[in-house]
Amino acid sequence: MIPTPTLRVISENYLQIASTPMFRVAGKNCARIKRIVTQFEYWLHGYLGASTLPPKDGILLIDIDLNVNLNHLDGAYIINVSATEIMITTDGEQGLRNAFASLKQLIHRALTFQQGKLETQFIGDNPAYEWRGLHLDVSRHFFGVKEVCQYLDWMAALKLNRFHWHLSDDQGWRINSTRFPLLTRKGAWRKEDDGSIYGGFYTKKEIKEVVKYARSLGITVIPEIDLPGHAMAILSAYPDLACFPREFEPLTVWGISEDILCAGKDATLSFLKELLLEVAELFPGPYLHIGGDEAPKHRWKECPHCQQRIRQEGLQDEEELQSWLIQQLQQTLEDAGKTLLGWDEILDGNLGTQPIVHVWSGDGKDAARKAAANGNRYIISPNKLLYFVWRAEEDPATPGAHGVTSLEKVMAIKPREYEFGDGELLLGGQANVWTEYMPDFATVKKMLFPRVFAMAELWWNGQCEDDLPQRIKEVESLW
Ligand SMILES: [Zn+2]
């Protein structure tokens, strides 16, 4: 199983899986629970129907008891397989979803390798960390609703519960705004070197569709609007928001742009506040990611508006101007009931304790330590270890860039080494899928697997067990 359960005791008997499943549910049997059971039932019928079970008919009894309190982080569950039935005990929707995710793997393994014989066993399972995430950059390359929903399915099957959706960058703006329509009219399309037009965006209806689907899988969606840097797509639509307006285009090359949003102009501030509130309205989850990374300050140093803002607010320098900007936006989001997330550069300057720091620099230790010392909650995705845009193999012909992050390297991460202070501030971690070198969804899948198996195990279990490569072979055809 992946992730490996917290506790698993296998005994010598076995349950013969039969072709007709039957479900019995006790307690909290509301519409939402019914929907989760029906979803699994649908999968199971299809799966068993397509399988070549031995010629023994009969009923596969799955008993579900929701009348308990497991006293763990949300998502804990117990599975007890006896010779006559499978018993699931859990305290809510998330635990039931996770139990079914495990059961899919158990049944798959039994049917594929053991003629439908499932070992009798006890599984007591609960997550080590509440934040188990996966990110997808849809700016560098765009992926439609169908592909995003497929991505969410992959996540749910690994008990991942936070989808970080990178919706804006220098190379494309991807979310339709009623208030600022030029963002998609201009910022969603770029002219490639060969003259072709590349791009796309999600309508509000499509965003809601994805959010609803994620919710049905127990996944919270975190939208990211990257600012004040990585903003060339925004500036191509609204060039007056730059320090020195000129005609901008969404970039066709990867990297960092010198032109960023002007923090001195009142117009930029009101634009950003209105825009973030419009975006926030589409996402019922409690978080909004504002980026805050890789924002060179050359323009701000020369800009009269930015320099005036620095004087007027009594700020030290351009770094403090960035944290001033973040504070303004944080206040706006807080008033709207949202928690701000930002990449670890938001720690430069005066950051309050409310925002969540997204650690990415280097191996992540320094930024994690700094976030904990500042009293911020934080999540871990070090670029050297959990950026799946890095090549998975040494071979320079394999896709990716920057360096090599092999499966073994991901497996070797020790989440506990990121716990500083009393350890309470570390929420968990995620992998980031930057798509500069992933022009199509098949390449995304290739870059994701098998490394995502290790990543999921780390944040569910607190560590990765050495036998992971063997377990991958047993279940990977489910993805
Ligand atoms: Zn400026």
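Reader: Where does Asn-71 lie?

Author: Asn-71 sits in the loop between β3 and β4. Keep in mind that this is a predicted model.

Reader: What makes the phi of Asn-71 worth a remark?

Author: Its value is near 55°, which is positive, and Asn-71 is a residue other than glycine. His-402 is another case: its phi is about 75°, again positive, although His-402 is not a glycine. His-402 lies in strand β19, residues 401-404.

Reader: Which residues does Thr-332 touch, leaving aside its neighbours within four places in sequence?

Author: Thr-332 is in contact with Lys-273, Leu-276 and Leu-277. As for Glu-274, 58 residues from Thr-332 along the chain, the two C-alpha atoms are separated by 9.2 Å. Helix α10 itself lies across β14 (287-291) and β15 (339-343), and runs at about 150° to β15.

Reader: Those strands bring me to the barrel. Which strands form the closed barrel?

Author: The closed barrel has eight strands, in the order β7-β8-β13-β14-β15-β16-β17-β20, with parallel pairing. Neighbouring strands there are turned by 30° against each other on average, direction ignored.

Reader: How do you know that β7 and β8 pair?

Author: Pairing requires at least two bridges between the strands. Strand β7 (residues 131-137) and strand β8 (residues 162-166) are joined by five bridges, so β7 and β8 count as paired, and they run parallel. Within this pair, Gly-133 stands opposite Arg-162 in β8.

Reader: What is the strand order in the open sheet?

Author: The open sheet has six strands in the order β1-β6-β4-β5-β3-β2, and its pairing is mixed. Its edge strands are β1 (7-16) and β2 (20-26), each of which pairs on one side only. The twist from one strand to the next averages 20°.

Reader: What makes β4 and β6 a pair?

Author: The requirement is at least two bridges, and β4 (residues 77-81) and β6 (residues 117-125) have five, so the two strands are paired, in the antiparallel sense. Tyr-77 has Asp-125 in β6 as its bridge partner. Helix α2 (residues 93-113) packs on this sheet, touching β3 (59-65), β4, β5 (86-90) and β6, and its direction makes about 35° with that of β4.

Reader: How is the chain divided into domains?

Author: There are two: domain 1 covers 7-125 and domain 2 covers 131-478. Their C-alpha centres lie 36 Å apart. The contact takes 11 residues from domain 1 and seven residues from domain 2. On the domain 1 side, those residues divide into two nonpolar, five polar and four charged.

Reader: How do you know that the chain agrees with a compact globule?

Author: A compact globule of 479 residues would have a radius of gyration near 23 Å, and the chain has 24 Å, which agrees. Along its principal axes the C-alpha trace spans about 80 × 50 × 45 Å. Of the 479 residues, 44% count as buried.

Reader: One last topic: which peptide bonds are cis, and with what omega?

Author: Pro-228 is in the loop between β13 (220-227) and α6 (232-237). Another joins Phe-449 and Pro-450, where omega is about 5°. Pro-450 is found in the loop between α14 (441-448) and α15 (451-461).

Technical notes:
Residues numbered from 1 in each chain as written. Predicted model: local features only at pLDDT ≥ 70, side-chain atom pairs only at ≥ 80, totals over all residues. Rg over C-alpha atoms; globule rule 2.2 N^0.38 Å. Buried ≥ 20, exposed ≤ 12 C-beta atoms within 10 Å, placed from the backbone. Helix = DSSP H or I, 4+ residues; strand = E, 2+ residues; numbered from the N terminus. Axes fitted to C-alpha atoms, helices over the stretch in contact; angles between N-to-C directions. Contact = placed C-beta atoms within 7 Å. Domains from an automatic or database assignment. Nonpolar A, V, L, I, M, F, W, Y, C, P; charged D, E, K, R; others polar.
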